[in-house]
Amino acid sequence: MEAYVLGLEARIASLEGLEFTSVYFGGGTPTAILPERLCRLLSRVKLAPGAEVSFEANPATVNGADLVRLRQGGFNRISVGVQSFSEGELAALGRIHTADQAKKTVLDAQNAGFDRVSLDLMLGIPGQTKESALFSVEQALSLGVGHVSAYCLKLEPGTPMYAQYPDGRGLPDEDETADIYLSVVSALEAGGLGQYEISNFARPGQECRHNLLYWELGDYIGLGPSAHSFYRGQRFEFPRSADFTAGFENVFSGAVGEETDVQTEYIMLSLRTARGISRERLSPRAQKKLETYAAHGFARVTPEGFALTPRGFLVSTHIISDILF
């Protein structure tokens with residue numbers, strides 16, 4: 001761990017004074033390398049005034065003292081990987097924390113001074129019903145968090161769950177998952193968390209600035225195995241096997257450049273957001289198609305252009321593909 005952190009520190013030093021409006025420590029469980037190392041890494045970053053500094057946390061691997069240390073070290077936003085407040089659903093996912101541990105982590109974060117607390121919920125998981133998903137939403141709202149991310153389960157090849165549920169058999173089907181998603185959207189909005197992206201909901205002013213940067217095609221630099229960057233119009237990706245303990249020539253040494261069509265990406269990313277996209281960025285053909293989708297309740301016409309509705313978000317991949325190709 002120490003060698004890896006030293007390697008990251010060296011890469012950060014190579015950024016030559018670039019100033020950052022947001023920093024996000026993700027990748028699953030960054031607290032595994034211990035708060036002291038996270039604070040060391042953060043101290044090497046030149047932050048803009050009022051910068052947002054987030055980290056992800058597994059409720060089973062972080063305690064109140066850790067959270068106090070991280071808050072004192074400059075972190076001001078936490079994303080807690082709750083996934084569900086149902087013990088049966090947590091067990092089905094193989095999570096190592098309990099619902100009570102998740103609640104305690106949120107309360108400990110608030111007591112440590114974090115006023116920007118987000119939690120993740122997962123939809124379409126084994127044994128989940130609309131009622132159990134709404135119970136998790138109710139628990140989240142009762143904790144007073146300002147942000148919730150609600151993602152539909154995606155089975156990845158090579159994982160235990162992929163083998164356990166081949167072709168998704170044994171999971172809620174597409175119609176059931178759609179009902180769960182739409183119910184969760186309604187419940188979160190009724191609780192004061194407006195939907196601002198397909199899977200993200202926030203109280204006013206609590207939107208994740210770092211994620212907004214992704215969706216608005218802003219520049220960002222990602223460091224670590226599997227990290228992605230978009231910098232000066234070009235995408236870079238570090239392979240999973242990237243060695244950050246080795247020497248390097250520049251911050252992107254070892255990364256692979258990716259082809260990108262900025263206009264296509266702009267349309268795809270904009271239509272993921274509740275704000276949507278302006279007419280000026282769309283061809284007449286794309287505008288006509290979105291007008292048709294709006295007539296059937298999958299999109300809405302905005303003063304600037306178009307945005308997808310929650311029903312449209314459910315089939316956004318199809319809609320975006322349709323208007324682009």
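**A walk through a predicted fold**

Let's start with a pair of charged side chains: Glu2 and Arg40 form a salt bridge, and their closest N and O atoms are 3.0 Å apart. Glu2 sits in helix α1 and Arg40 in helix α2 (residues 35–43), so this pair ties together parts that are 38 residues apart in sequence. Keep in mind as you look around that this is a predicted model. Why would two such side chains get together at all? Side chains of opposite charge can pair when their charged atoms come close.

How much of this pair can you see from outside? Glu2 is partly exposed, because its relative accessible area is 33%. Arg40 is partly exposed too, at 25%.

How many salt bridges does the structure hold? It holds 12. Another one of them joins the side chains of Glu265 and Arg235, with 2.5 Å from N to O. This pair links distant parts of the chain, since Glu265 is in helix α10 (residues 262–270) and Arg235 is in strand β9, 30 residues apart. Are these two buried or exposed? Glu265 has a relative accessible area of 16%, so it counts as buried, and Arg235 is buried as well, at 13%. The cut-off that matters here is 20%: anything under that counts as buried.

Now try the salt bridge between Glu156 and Lys154, where the N to O distance is 4.0 Å. Glu156 is partly exposed at 38% relative accessibility, while Lys154 reaches 63% and is therefore exposed.

Next, head for the inside. His147 belongs to strand β5 (residues 147–152), and with a relative accessible area of 1% it is buried. What does His147 touch? Setting aside residues up to four places away in sequence, its contacts include Arg77, Val117, Leu193, Tyr196, Phe201 and Cys208.

Val184 is another buried residue, also with 1% relative accessibility. You'll find it in helix α8 (residues 174–190). Beyond residues up to four places away in sequence, Val184 touches Leu123, Ala133, Leu134, Val137 and Ala150. For a sense of distance, the C-alpha atoms of Val184 and Gly50 are separated by 32 Å, and the two residues are 134 places apart along the chain.

Loops can be buried as well. Pro126 lies in the loop between β4 (117–123) and α6 (130–142), yet it counts as buried because its relative accessible area is 6%. Pro126 and Glu89 are 37 residues apart in sequence, with 6.5 Å between their C-alpha atoms. Glu89 is one of the residues in contact with Pro126, and others include Ala92, Leu153, Met161 and Tyr165.

Two other loop residues make a contrast. Glu16 lies between α1 (2–13) and β1 (19–25), and at 73% relative accessible area it is exposed. Arg232 lies between β8 (228–231) and β9 (234–237), and its 68% makes it exposed too. Check their backbone angles: phi of Glu16 is near 55°, a positive value in a residue other than glycine, and Arg232 has a positive phi of about 55° although it is not a glycine.

Asp173 is in the loop between α7 (160–164) and α8, and with a relative accessible area of 41% it is partly exposed.

Conventions. Residues are numbered from 1 along each chain as its sequence is written. This is a predicted model: local features need pLDDT of at least 70, side-chain atom pairs count only at pLDDT 80 or more; totals for chains, interfaces and linings use all residues. Side-chain values use heavy atoms; hydrogens and water are left out. Helices (H or I, at least four residues) and strands (E, at least two) are DSSP runs, numbered from the N terminus. Buried means under 20% relative accessible area, exposed over 50%, partly exposed in between (1.4 Å probe, protein chains only). Contact means heavy atoms within 4.5 Å.
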